[in-house]
Every structure is written in C-alpha cells, then in structure tokens.
Amino acid sequence: MAQDHTLRIALAQINLLVGDVRGNLARVIAEARRAHAELAADLVMFPELALSGYPPEDLLFHRGLRLQIERAVRELREAVPQIGVLFGYPEYHGDQIYNAAQLVRGGRVLANYRKACLPNYRVFDEKRYFTAGSEPAVVDFDGYRLGLLICEDSWDTAPARAAQRLGAEALLIINASPYEIHKQREREQVVSARISEVGLPMVYLNLIGGQDELVFDGNSFVMDAAGRLAMRVGAFEEGLFCAELQRGTGAVPVAGVVAPELSDECSVYRALVMGVRDYVGKHGFPGVVMGLSGGVDSALTLSIAVDALGPAHVHAVMMPSPYTSAMSREDAAAQAQALGVALSVISIDAMFESTLAALREEFAGRAADATEENIQARCRGLLLMAISNKTGRMLLTTGNKSEMAVGYATLYGDMAGGFAPIKDCSKVLVWRLARYRNSIAPVIPQRVIEREPSAELRPDQKDSDSLPPYEVLDPILEAFIEEDLSVEEICERGFERAVVARVLDMVKRAEYKRRQAPPGVRVSRRAFGRDWRYPITSGYRR
C-alpha cells in the first residue's frame, strides 16, 4: 500500500442485543460488507463487546455463551476477507475472561488487544468478570501504525502512552459508554487530555441503543493530534459513518461533519425514547399499556411511549376515583386524542367501595389515612396488570425520581409494571421535558404542566401536603444521591436543616420500595438501580 494512501475507516455506530451472539455476528458481517461496498472503507470499527452485546453481565459465566462466542470469532475471521474488521468480544482463555478487541482481515488475525483498565464504579463492575490485559497492541495497517484501545483505557494515561512508545500514529478506541446528561462533553474532554499527553489523533466509536436501564447514545467522534474535533456523529443516530486519515505530519484526520451538541432536554428526551423503544422491542412485546391520570408524569410518559412505539402500540387507561377532578379527565382525553392513542376509561369507584366494605370490620375504630389512598392506587394497578396480562402489552409505570427517592409511591399500585421510563427524571426535569416536547408539537395540555401536582387520592390533596416544594426537594435529593453530600454540606447550600434531615430520612425509609421497583432509563450520574446499592436494614444515623 502506498505511503500516501488515505485510510478510510467506517464507524459502525450500531444497536446490538446482549446475548444474541448469532444475531450480532450477522449484523457485524452485514455492516462490514456494506462498509466495503458502499463506503469503499479499508477498515470498519465495531463497538466494545460487539459479539456478546454490552454489558453481558453473568451471561459471561455460562458455558453456552462461551461456545457461541468462540464459534462466532472463527466465522467472522473468514466471512469478510476484503476489509479490515475491528470488533469487540469476550475472549476466553482458560479460566480467565478478557474484554478484548480483535483486528482481522483476509482470514488473518492482525492484532488482538485486551482491555487494560477495567472500570469498577457506578454502573460498571467489570472486575467481577474480566482479567485486565497488560500488553499494548499496535499494528501496521495499509501504511499506518494504529494503536488499539477499549473504552476505559482512554480515561487513563498508561495505555495511550504504551501504544505511543510502540510507534502508534493514531489510536482507535471502541466503546460502550452509557449516556448521562453532559456525558459527551466529559468524553471529549478526557480524549482531548489524552491527546495532549501523547500527541496522537484518536478515532472514538461508541455503541448505540438501550439495554435494561442503560442507554448508549453513540456520539462517535474523531480528534486530531491537537485535540480538535475533526468529526462527530449525531447522538442516537444509527448507521455507518466514514472517517479518514491521511498522510501529513503523522496521521492526520480529514475534516468531516461535526454534528451539533444537543440541548439537555433534547438529549434526555431522545434517551428516554430510545430506552423505551429498545426495552419493548428487544423483549418482543406487541406494545404497552399505561395509566393516564391527567398529571404531568403520565402525560410525559405517554408522549415518550408514542414517540418510541407509535400510537397504535400504546393503550392509555384513565381510572377515575371519587377524588379525580373534571380537569384531569378532560386533560387525559385531550392528550390521548392529540397523540392518536386509544383511551379506555374505567372507574375504580366500585372496586374501592367494595374493598373498604370487605375491610370494614378490620378497620373499625381507625381513622382514614394513607391506607385508603393506597387502596385506590392498588385498584388501578390491578386493572392495569389485568389488561397487560390479557393483551400481552407491557405495563409502563409513570413515577419520577423525586417520588421514588422519598417513597411517595405505592407498592403494588402505581409502582406496578415492567418498565419505568422517567424513573431517573426529577420532577423539575419532568416539567422541563414536557415543555420541550410541546415545543416540537403541543401534545400535552398546558394546564397539565402548570397545575399544582396532586395524587388526587383524597379531597383537595396536593403533593406539597406531604413533601417540600419540588424546587426545594430536587436540589436536596441531587446533592445526596448524586454527590453523596452530608446533611451539613447540603445545609451550607442554603437549605434548612430540618427540611434536609426530613428528606434524607424519607430516602432511607423508602429503600425497600426501590428494591421492588421496575427498571427504568438511567439519565443522571447516579440512578436508582445498578449504581445505587444502599442497605435496606441499616443503623446509620445522619
């Protein structure tokens, strides 16, 4: 190959399925062939652990997965002889497993790299599964010296420097980096910092798609040796995208399209839509059913579901009680009509009264309290789960992060369901997202966004009867949950100690509820789920 050859690298920013080794292999082969035929690419990059999907978790320990992966790696080497293919896979070596990347062409293995830096924080627990690699991998490919890295390796100095010492002219990084607000800025800052240390351009490919709580946003990019963006692929956009390296002083990226950074509201909303679409689609559900109360949480959830699945695959159910306002009924009907969604209206009055009648002797002499409120929520949960069972549609829950944090939700009631789209969205963020969605098209009635929040489970009820105002509650929760701040540190931000102490006590008491909650899309730095592991039983005092 001539030394002045321009190296065309296809970035396969694609959506894969954990555990579907045969399907992932077929997708990799098809995209590699397309990259060669349609883009005239010399090399195509696939994401971290592309063959197994990411994260495969304890599937990695299953003998059947190991056998499928080993067969797939052999098949892939022979299937695409015309183009270089860089792909991620779990490499089994005796009793050890490596998070590996292999570069093949023409049936030959040109390089095999084992991830050196294994993340073990927040949503990552790779040290549970993988052994760290210790050797850099730099390969001659069409006249270029290319170093290989995998995701977390770019967050540490040593792997890039090791590749530089072996004469790398550019670094190719395959990733499975989950989405969270402002994550892309952090990625680009980290890669720029590595470049300032080694002076090498970097080609960064990221996974796309939803996997349980995690969403991968793509946002693949290329930076030159000065840390300047030469190319950025659009967030949440699946496809093949071509980057080029040409000869100059070393390998020089050719300037390409730099997709704009999305606003916070746009990126979060698109993450939620992708998370719902993939959770429903990858599980093979024919659609979803959900309660539509006339409040902002269910209104936003309905919009997300329709944008993810289409109106024909979404069934909304309004279940009025004696305390449901006419406004709520009207607004629920208006939104369902605006989005073209089928709406059922099923009163829970009779169920509620019959339940109270059955419990009359048990409750004799006891005043009404939250018990009666929870009975209404559980009547609704029973109806929704029945519809879900009968139709095969998955039940979406509509609770937000603020409610989940302080336990302002009913087990086996409004917490019932299979997936919780806005589980990691604070109430304040819910309002922001609702306004954002209406800026695209006005599908949520304005008074749903503007009205004071209420569960409508007793006369004249307001959320503020039980909780601090959300403008106060949400910053306290963020400081505690995402920043791990103490009571004293939170109070230093201007909050009353009594309020902070009360909120943190509510968070502690509600842990048992969160353990029983359905999964939901992670969009913050710390969500309830795989990166929140507080004990239920604890003697810790603030």
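A residue is called buried when its relative accessible area is under 20%, exposed when that area is over 50%, and partly exposed in between. In this predicted model, Phe 480 has a relative accessibility of 12% and therefore counts as buried. By that criterion, 56% of the 542 residues in the protein are buried.

The overall fold provides the setting for this residue. The protein contains 17 helices and 19 strands. Its radius of gyration is 26 Å, close to the 24 Å that the globule rule gives for 542 residues, so the protein is as compact as a globular protein of that length. The C-alpha trace spans about 90 × 50 × 45 Å along the principal axes. Of the contacts between residues at least 6 apart in sequence, 73% join residues at least 24 apart. The accessible surface comes to about 22,100 Å², with 51% belonging to carbon and sulfur atoms. As for charge, there are 62 positive and 70 negative side chains, and the centres of these two sets lie 3 Å apart.

The structure holds 14 aromatic pairs. One of them joins Phe 480 and Trp 532 edge-to-face, at 6.2 Å centre to centre and with 75 degrees between the planes. This pair links distant parts of the chain, since Phe 480 belongs to helix 14 (residues 470-481) and Trp 532 to the segment after helix 17 (511-514), 52 residues apart. Trp 532 has a relative accessible area of 5% and is therefore buried. The ring centres of Trp 532 and Tyr 534 lie 4.2 Å apart with their planes at 10 degrees, so this pair is stacked. Tyr 534, at 29% relative accessibility, counts as partly exposed. Together with Phe 528, the residues Phe 480, Trp 532 and Tyr 534 form one aromatic cluster.

How values were computed: Residues numbered from 1 in each chain as written. Predicted model: local features only at pLDDT ≥ 70, side-chain atom pairs only at ≥ 80, totals over all residues. Heavy atoms only, no water. Helix = DSSP H or I, 4+ residues; strand = E, 2+ residues; numbered from the N terminus. Rg over C-alpha atoms; globule rule 2.2 N^0.38 Å. Buried < 20%, exposed > 50% of the residue type's maximum accessible area, 1.4 Å probe, protein only. Contact = heavy atoms within 4.5 Å. Areas by Shrake-Rupley, 256 points an atom, 1.4 Å probe, with all protein chains shown as cover. Lys, Arg positive; Asp, Glu negative; His and termini not counted. Charge placed at Lys NZ, Arg CZ, Asp CG, Glu CD. Phe/Tyr/Trp six-rings, centres within 6.5 Å; stacked < 30°, edge-to-face > 60°.
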